[in-house]
Amino acid sequence: MSTADALVLEVDVLTAGYGGAPVIDSVSINARRGAITAIVGPNGAGKSTLLKAIAGLIRPTSGTVKVMGVDVTGQPAEKFVSKGLAYVPQVANVFPDLTVRENLDMGGYSRKGGVRERIEQLFKLFPDLAASSHRKASTLSGGQRTMLALARGLMVDPVVLILDEPSAGLAPKFQGLIWERIEQIRSTGVAVLVIEQNTRETLKHAQWAYVLVLGKNRLEGPGKELLDDEEVVNLYVGRLS
Ligand SMILES: Nc1ncnc2c1ncn2[C@@H]1O[C@H](COP(=O)(O)OP(=O)(O)OP(=O)(O)O)[C@@H](O)[C@H]1O
Ligand SMILES: [Mg+2]
């Protein structure tokens with residue numbers, strides 16, 4: 001596959017906000033198939049806003065979002081599936097009164113078929129969920145609930161999976177597990193676009209990362225190279241003591 005084919009998400013000079021002054025201003029990012037692309041930056045930089053604008057939860061005032069070369073700018077969230085995009089928001093929402101399997105069924109409602117087969121595939125990727133398939137989501141731990149939200153996002157076979165702080169609110173011990181799953185998802189060829197709170201860990205995993213500051217692109221590069229960058233370490237990562 002050529003590099004150009006691998007480019008599945010192209011965000012070009014996107015400007016968006018909530019009605020007042022723009023929160024993100026002319027932001028450009030790309031995400032590639034089979035790669036982890038990360039957005040890092042301080043609290044309030046506009047990271048979540050960028051993901052919401054890409055996913056169609058808020059309508060950009062200018063700029064474009066292309067998935068597989070098709071312009072999908074500002075299309076509503078319901079069109080996610082046909083857009084080839086799955087978005088898991090910062091606070092993972094699952095249906096608490098439904099079982100794990102029922103939640104996955106719901107996630108696959110738009111599939112033409114193969115729901116059961118897809119659930120079985122995902123149970124291999126998330127063995128914890130397989131063991132809890134008949135439990136109500138409300139009885140799962142925070143970490144298991146996050147895994148369920150990830151798995152549900154994957155029910156539609158997205159080309160781009162967008163994750164906003166999948167480990168938010170979880171004990172640090174879950175972070176390693178979540179990265180393991182994200183790496184597995186990446187290895188299936190999905191383009192993963194992720195925000196995570198632990199910048200050092202995130203940059204270690206990201207093939208490419210964008211530093212967003214005050215709603216604008218500040219720096220970009222391979223995650224590991226950014227970890228060697230003085231400015232990034234001083235301002236956003238912190239030195240190891
Ligand atoms: N629903 C909203 N309505 C109005 N302003 C909002 C809304 N959501 C976020 N903002 C504002 O947009 C700016 C960027 O917020 P955003 O949530 O995108 O930042 P972030 O980089 O994801 O931060 P964090 O790391 O804390 O999650 C902030 O000033 C915030 O107050
Ligand atoms: Mg955020």
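This is a predicted model: local features need pLDDT of at least 70, side-chain atom pairs count only at pLDDT 80 or more; totals for chains, interfaces and linings use all residues.
Let me begin at ligand 1, where a polar side-chain atom of Thr 49 lies 2.5 Å from an oxygen atom of the ligand, a polar contact in the sense of a pair of N or O atoms within 3.5 Å. The protein covers 57% of the 640 Å² of accessible area that ligand 1 has on its own, with areas taken from the Shrake-Rupley method and a 1.4 Å probe.

Residues are numbered from 1 along each chain as its sequence is written, chains are lettered from A and ligands numbered from 1 in the order in which they are written, and side-chain values use heavy atoms, with hydrogens and water left out.

Staying with ligand 1, an N or O atom in the side chain of Lys 47 is 2.8 Å from an oxygen atom of the ligand, and a polar backbone atom of Ala 45 is 3.2 Å from an oxygen atom of it.

Next, helix α7, residues 142–154; helices here are DSSP runs of H or I with at least four residues, and strands are E runs of at least two. At 1.5 Å a residue, its 13 residues should span 18 Å, and the end C-alpha atoms are 19 Å apart, which agrees; the expected span is 1.5 Å times one less than the number of residues. Is α7 mostly covered or mostly open? It is mostly covered, with 11 of its 13 residues buried, meaning under 20% relative accessible area, whereas exposed is over 50% and partly exposed is in between (1.4 Å probe, protein chains only). The elements that cover these buried residues include β6, α4, α5, α6, β7 and α8, by contact, that is, heavy atoms within 4.5 Å.

Most residues other than glycine have a negative phi. Met 68, in the loop between β4 and β5, has a positive phi of about 50° and is partly exposed at 44%. Glu 165, in the loop between β7 and α8, also has a positive phi of about 50°, but is buried at 12%.

Note on methods:
A polar contact is a pair of N or O atoms within 3.5 Å; within protein, one must be able to donate a hydrogen and the other to accept it, and residues adjacent in sequence count only if both atoms are side-chain atoms.
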